[in-house]
Amino acid sequence: MKELIYPFDSKFILRKRRAIKKQLLADGTARIKKKIAVLGGSTTDDIVSALELFLLNFGIEPEFYQSEYNKFYEDAVFGSPELDNFAPDIIYIHTTSRNLTMLPESPAETPEQIQERLNNQYEYFQTIWTSLIEKFSCPIIQNNFELPLFRHTGNYDGWGYSGTGAFINRLNVMFSDYARRNNGFYINDINYLSSAVGLTKWHDAEAWFLYKYAMRAEVMPDVAYSVACIIKSVYGRNQKVIDLDLDNTLWGGVIGDDGVEGIDLGVETAVGQSFVEFQTFIKKYKNYGVLLAVCSKNAEENALAGLNHPSSVLKPDDFVSIKANWNSKDLNIEESASEIGLLADSFVFVDDNPAECAIIEAQFPNVPTVNLTSVSDAMYKLSRGGFFEVTSISKDDLNRSEMYSANAKRNAQQKSFSNYQDYLLSLDMNASITDFLPVYLQRITQLTNKSNQFNVTTKRYSESEMKTVAESPYHIRLCGQLADKFGDNGVVSVVIGRCDDKTLHVDLWLMSCRVLKRDMELAMLDELVRQCRERGIEKIIGYYYKTPKNNMVAELFASFGFENISRSENGDSVWCLDITSYAEKNHVIKVNEKEFSHE
Amino acid sequence: MNKNEIIKRLTDVFRDIFDDDSIIITEKTTANDIDDWDSIEHINLIGAVEEEFGMRFKMREVSGMKNVGEMINIIAERGN
């Protein structure tokens, strides 16, 4: 819903939220359900009701627990039966500078005394986190602290020992250090948010006296959106591709009219410099694993000439798909998406022409568009939009773009073979299929939470749930990596089976779409059967749970030779394979022969 | 601004906040007359009214208003 994509109108959301919620719940979207505990140091109802709307819009249906007013410490440390019964999937600790109890009081205090205050204040919060992790082992989101609006000592407040601002800044650094050391712990950066909004707009002392609101009601949707972005990122619902227009988006001017020497790009002019800065900004997304694509109404040779301009920071190689033609842009997005093996919904579209943005919004209501009116405006919208919110960084994120480029080379090679099996053999594929090694756990969880298409159950796991599975003696776990002569695809397939006497239930079977039609799923099945036999298991039960996105695996188990046991009206089905007479199916991938570096 | 105009705009605010187009308010309306009007929605209502009329209630007024009539009087005095 456009009203809930950044930049949104907070006042509209606050006033119309009941109607918006009704509309979202009635739109027929399939959503994953998550239980979210909000432990607040101030009134949290408004945060929660805005958070609910944003999450519904991100495809997550939340159920909430809210602590009693200002009982975040008690709930966390001493526990509450209600919270225990609630068993949260994720916990959000909404505290602010209003909840700091050990702020410096007097300039007479020594630096050592202030340091002790700081340590005590930090430990107060660390006790909360330790206790929650022990009890619930689920992801935790913690606000850091905003600066106060009022200062007794002027600038000294920000740097002197007894300064409140200085104390808060130091505490924020300690919170960040903790987050870096602990997986599954995320900072909701209200220090940034309050600065971006402006402290005079953020703070509202009367709202605190009257309602125990820690910030102005109008900025609560901003806080909620920021939290919603972290949550949807944890559950793998980020966008994946930035699709960019060229003329007046990546450079000034129209290359078809002005020629490559006529476009405005380079530090020599103000406008040219702004586009260099924009391209540099976009390129940094690529470093974090976001894919880049071009969608431009241009002759292809002109588009390439522009990207090869000496001052162009982005080169043709930086893009996984370049569509420069005169087709309508919604068709081009669709084509780019299918080339890359993703859904168009995972794109963000950037164009200086509002009419093009409108076309995309009409055809793909879930694709956020950024109408570039100025370079700085576009960078701000991308920053605050949270489309690519980072909650963890895996090795795959760092190499993603190269892996997709290697795919393009494979496609080219395929054209030279008339027999598909010969083509597969020519790729010289090597797979490593292992248990869940600790170094891959994060990547396995990440892949599990974002795979939608080749995924029979679409079961999601938090990092701690995955850790539990990884240590369980009752599960068979397969983590598949695939490499070929064009490159290493990294971890591409995950299977989890639950042993029950002589039966194995397949809880999870998924594969990255970038290795479709390579027989990797057959190699995984061979290995699964081998391990089942070692454990004396005789049959495997497979489950297909239909979602709007996983139709491609509706008949996966049938293709494996499973027998159908049941089919429900909603499209779900159950399958069974007797493995006593199973013969190996993979003949093109060498498995566990070559060393894979597990760095 | 006359009272009729205030009531008209105020009705729109009430209908949005409680998502109920059948709400009709009078000077005598109180929180007891509207099912969902609890302390949390009271805060939202105050915020939306302030936004609609470009004014702010004083702290004493927020907790002291007995019915919609008193709200209207304050709006008539300071609202836009």
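This report describes a predicted model of a complex, beginning with the confidence scores and ending with individual residues.

## Confidence of the prediction

The predictor assigns the complex an ipTM of 0.89 and a pTM of 0.81. For chain B, the average pLDDT is 92, and 100% of the residues score at least 70.

## Overall form of chain A

Chain A contains 23 helices and 18 strands. Its C-alpha trace spans about 80 × 70 × 50 Å along the principal axes. A compact globule of 599 residues would have a radius of gyration near 25 Å, and the 26 Å of chain A agrees with this.

Of the 599 residues of chain A, 43% count as buried. Among the contacts in chain A that link residues at least 6 apart in sequence, 71% join residues at least 24 apart.

## The contact between the chains

Chain B gives 12 residues to the contact, and chain A gives 13 residues. On the side of chain B that touches chain A, helix 1 (3–18), helix 2 (39–53) and helix 3 (59–64) of chain B each supply at least two residues. The largest share, six residues, comes from helix 2 of chain B.

Helix 16 of chain A covers residues 354–363, and its residues A:Glu356, A:Cys357 and A:Ile360 are buried. Seen down the helix axis, the buried residues of helix 16 of chain A fall within an arc of 100°, so they line one face of the helix. As a general rule, an α-helix has 3.6 residues a turn, so residues three or four places apart point the same way.

The buried residues of helix 16 of chain A pack against helix 15, strand 9 and strand 10 (369–371) of chain A. On the other side of helix 16 of chain A, A:Pro354, A:Ala355 and A:Ala362 are exposed.

## An antiparallel hairpin

Strand 16 of chain A comprises five residues, 563–567; the number buried is zero, so this strand lies largely in the open. Four bridges join strand 16 to strand 17 (residues 573–578) of chain A, and the two strands run antiparallel. Within this pairing, A:Arg567 stands opposite A:Ser573 in strand 17 of chain A. The hairpin formed by strand 16 and strand 17 of chain A has five residues between the strands, and in it A:Gly571 takes a positive phi near 100°.

## Two loop residues

A:Asn550 is found in the loop between strand 15 (539–544) and helix 23 (556–559) of chain A. This residue, A:Asn550, is buried because 21 other C-beta atoms lie within 10 Å, where 20 or more are required. A:Asn550 and A:Asn452 are 98 residues apart in sequence, yet 6.1 Å apart in space from C-alpha to C-alpha. Leaving aside residues up to four places away in sequence, A:Asn550 touches A:Asn452, A:Gln453, A:Asn455 and A:Thr458.

A:Ser346 lies in the loop between helix 15 (329–340) and strand 9 (347–351) of chain A. Because A:Ser346 has 19 C-beta neighbours inside 10 Å, it counts as partly exposed. With residues up to four places away in sequence again left out, A:Ser346 touches A:Gln239, A:Lys240 and A:Val241. A:Ser346 and A:Asn411 are 65 residues apart in sequence and 22 Å apart in space, C-alpha to C-alpha.

Definitions and conventions: Residues are numbered from 1 along each chain as its sequence is written. Chains are lettered from A and ligands numbered from 1 in the order in which they are written. This is a predicted model: local features need pLDDT of at least 70, side-chain atom pairs count only at pLDDT 80 or more; totals for chains, interfaces and linings use all residues. A residue is buried if 20 or more other C-beta atoms lie within 10 Å of its own, exposed if 12 or fewer, and partly exposed in between; C-beta atoms are placed from the backbone. Two residues are in contact if their C-beta atoms, placed from the backbone, lie within 7 Å. pLDDT is the predictor's confidence in each residue, from 0 to 100. The radius of gyration is taken over C-alpha atoms; the globule rule is 2.2 Å times the number of residues to the power 0.38. Two strands pair if DSSP finds at least two bridges between them. The arc is that of the directions from the helix axis to the C-beta atoms.
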